[in-house]
Amino acid sequence: MTTLTPSPASSTADTRDASQRLLDSSAALSYDPATEVDWDTPLDPGHYGLNPEWSTLYGTGLWEEMSEAQRVTLTRHEVASIMSTGIWFEMILQQMVLRDQYCTDYAASDFQFALTEIADECRHSIMFARACSTMGIPAYFPTKASIRLGRGFKALASAEVAYGGILVAEEVLDVMQRDWMRGEQVLPIVRTTSKIHVVEESRHMKFARQEMRERIAGARPARRKTSALVIAVAAHLIVSNMVNDGVYAAAGLDPERALAEARANEHHHTLMRSSCAHLMEFLDELGLLTKPALRLYQRVSMV
């Protein structure tokens, strides 16, 4: 059988058709968190910040010893830490996308959707910041080394590397939030913000995938290997900073013991691996799942 390879002009046309569909979807279904989220209702003291099963300590001996109040507090700090990491990476994302679209065809649908995505991410960052403030939890920040590496990544990453980093952050959070938005024990503000993020990020993930396919098409093996490694470094950076070590002390736990049990928690590792399965399949399809990259993904339980 002969396989027909689309011409560059055909590929570009397909990409722009896909971008136009994403623009149409944005026009039909987008949310304003300022009005969609009930910010004024007092927080139920019995509601978790995220489904308990997603806590880094769920299933450990320490979890069994914790009081219900400690479990609630821990999950609220964990979700606030994840939101804070989301804000950090959304700021990186916005700068990468804006730089990528600098002086491109303003009439093109892919340019217009890229700016739509930036606008969405601005709203999401404000939404997460307000959710943390409403829960009374101060901002959690990545490590100083991660902040420095993030500056370099946003300044230098381009093409499939930039969109690969974007896709990693969005895919990992998407699976978690699909559970949280349905969690009857979860705070309503977390459920609603998760729903908004899931709906709007689904378009962003489709855009990132189509950009990656287009940018990597025809790339030499050396470039694929380099891109695979850099995307894996970005993934390691994002996932390793999702839950700040400070959440354990905030819940009144012994930080040293809590951190040790969290790192050894096979239940949480299994959840992480399952949430990344689709992402890994996609990276493998593009030739971006090399042995060095796999080793980095294994360190943060993504495979």
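This is a predicted model: local features need pLDDT of at least 70, side-chain atom pairs count only at pLDDT 80 or more; totals for chains, interfaces and linings use all residues.
**View 1**
The structure contains one cavity of 30 Å³ or more. The volume of this largest cavity is about 150 Å³. Its lining is made up of 15 residues, and those closest to the cavity centre are Gly86, Phe89, Ala169, Glu170 and Leu173.

**View 2. Helices around the largest cavity.**
Two or more residues of the cavity lining come from each of helix 4 (68–100), helix 7 (159–180) and helix 8 (188–216). Helix 4 is the greatest contributor, with six residues. By residue class, the lining of the largest cavity has eight nonpolar, three polar and four charged residues.

**View 3. The centre of the largest pocket.**
The largest pocket holds about 670 Å³ of space. Among the 31 residues of its lining, Val239, Ser240, Asn241, Val243 and Arg263 are the closest to the pocket centre.

**View 4. Helices around the largest pocket.**
Five helices are named in this view: helix 4, helix 7, helix 9 (221–240), helix 11 (255–263) and helix 12 (266–275) each give two or more residues to the lining of the largest pocket. Helix 9 gives the most, with four residues. The lining of the largest pocket divides into 16 nonpolar residues, eleven polar ones and four charged ones.

**View 5. The centre of the second largest pocket.**
The space in the second largest pocket amounts to about 320 Å³. Of the 18 residues in its lining, Ile87, Trp88, Met91, Phe141 and Pro142 lie nearest the centre.

**View 6. Helices around the second largest pocket.**
At least two lining residues of the second largest pocket are supplied by each of helix 4, helix 5 (109–134) and helix 6 (144–156). The greatest share comes from helix 4, which gives six residues. In this lining, 13 residues are nonpolar, three are polar and two are charged.

**View 7. Helix 4 in the three linings.**
Helix 4 spans residues 68–100 and gives two or more residues to the lining of the largest cavity. Helix 4 also gives two or more residues to the lining of the largest pocket, where the most come from helix 9. In the second largest pocket, helix 4 again gives the most to the lining. Gly86 and Phe89 are among the residues closest to the centre of the largest cavity, while Ile87, Trp88 and Met91 are among those nearest the centre of the second largest pocket.

Notes: Residues are numbered from 1 along each chain as its sequence is written. Side-chain values use heavy atoms; hydrogens and water are left out. On a 1 Å grid over the protein atoms alone, a cavity is a set of points where a 1.4 Å probe fits but cannot get out, and a pocket is an open set with protein on both sides within 12 Å along at least five of seven lines; lining residues have an atom within 4 Å of a point. Grid points are joined across faces, edges and corners, and a volume is the space filled by probe spheres set on the points. Ala, Val, Leu, Ile, Met, Phe, Trp, Tyr, Cys and Pro count as nonpolar, Asp, Glu, Lys and Arg as charged, and the others, Gly among them, as polar.
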